[in-house]
Amino acid sequence: MGSHAAGGSQAPPAAAAGGGETQRTQYPYVTGTSVIALKYKDGVIMACDTGASYGSTLRYKSVERIKAVGKHSLIGASGEFSDFQEILRYLDELTLSDHMWDDGNSLGPKEIHSYLTRVMYNRRNKFDPLWNTLVLGGVKKGPKGDEKYLGMVNMIGTHFEENHVATGFGNHLAIPILRAEWREDMTFEEAVKLVEKCLLVLLYRDRSSINKFQIAKITTEGSTIYPPYSLKTYWGFSHFENPAQGAVGSW
């Protein structure tokens with residue numbers, strides 16, 4: 001992402017022009033928007049759209065931002081897509097190293113989430129962050145039976161575990177819906193309906209969202225990433241026809 005000074009005695013351009021300071025370009029170019037995930041009765045469900053924006057231009061329409069990690073986890077990402085590809089490369093190396101031990105055990109979602117928090121915080125401390133917010137969910141058998149896990153980490157390493165999470169615009173618009181309607185004993189069909197409700201709200205309100213969505217689930221039986229599909233929309237609401245009517249201010 002950044003342009004680093006070359007070796008030798010030649011001063012970097014920033015140092016020559018600005019009196020000794022080295023500058024790094026830190027700006028996301030191709031970005032994906034919100035990811036929504038929640039626990040349900042049998043596992044974890046995750047969803048996002050397949051759009052990727054080049055600046056404010058919705059440039060790519062078929063970008064998959066949910067991937068399986070090892071046997072027990074799913075990862076979804078908002079933010080810079082090339083940085084997400086770099087993170088997937090890190091995770092490939094991690095899961096390969098874990099597999100080579102051949103000790104009958106494998107990394108679960110909690111361990112992978114912990115690893116990602118260290119990666120993101122490490123890059124933040126180098127002032128060269130990976131410009132993503134990551135959602136990590138999964139299911140693995142533990143001492144208390146099947147243990148569902150869902151966590152999130154952002155570009156500066158802030159992380160937490162929750163029953164439902166949403167990144168990007170979804171953090172503002174989807175979280176209130178999830179708080180009001182989520183239940184621990186939801187079936188997969190009920191979880192899909194709740195996720196689709198959140199995705200529809202984001203489609204109406206987030207300019208970076210497109211009507212092409214992908215849903216994935218993970219249970220003890222493994223992960224499934226479903227093909228992209230579209231939702232039925234209705235744009236005839238009166239507030240959509242004249243959104244500025246009655247608004248306070250100059251907008």
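**Note on the predicted model**

1. Asp102 is exposed, with a relative accessible area of 68% (exposed means over 50%, buried under 20% and partly exposed in between, with a 1.4 Å probe and protein chains only). Asp102 sits in the loop between helix 2 and helix 3, and its phi is positive, about 50 degrees, although the residue is not a glycine.

2. This is a predicted model, in which local features need pLDDT of at least 70 and side-chain atom pairs count only at pLDDT 80 or more, while totals for chains, interfaces and linings use all residues. Residues are numbered from 1 along each chain as its sequence is written, and side-chain values use heavy atoms, with hydrogens and water left out.

3. The axes of helix 2 (residues 81–101) and helix 3 (residues 109–125) come within 12 Å and cross at roughly 135 degrees, the axes being lines fitted to C-alpha atoms over the stretch in contact, with angles from 0 to 180 degrees between N-to-C directions. That makes helix 2 oblique to helix 3 (under 35 degrees counts as roughly parallel, over 145 as roughly antiparallel, 65 to 115 as roughly perpendicular and the rest as oblique). Helices here are DSSP runs of H or I with at least four residues, and strands are runs of E with at least two, numbered from the N terminus.

4. Phe127 lies in the loop between helix 3 and strand 8 (132–142), and this residue, which is not a glycine, has a positive phi near 55 degrees. Phe127 counts as exposed, at 66% relative accessibility.

5. Gly222, in strand 13 (residues 222–225), is partly exposed with a relative accessible area of 21%.
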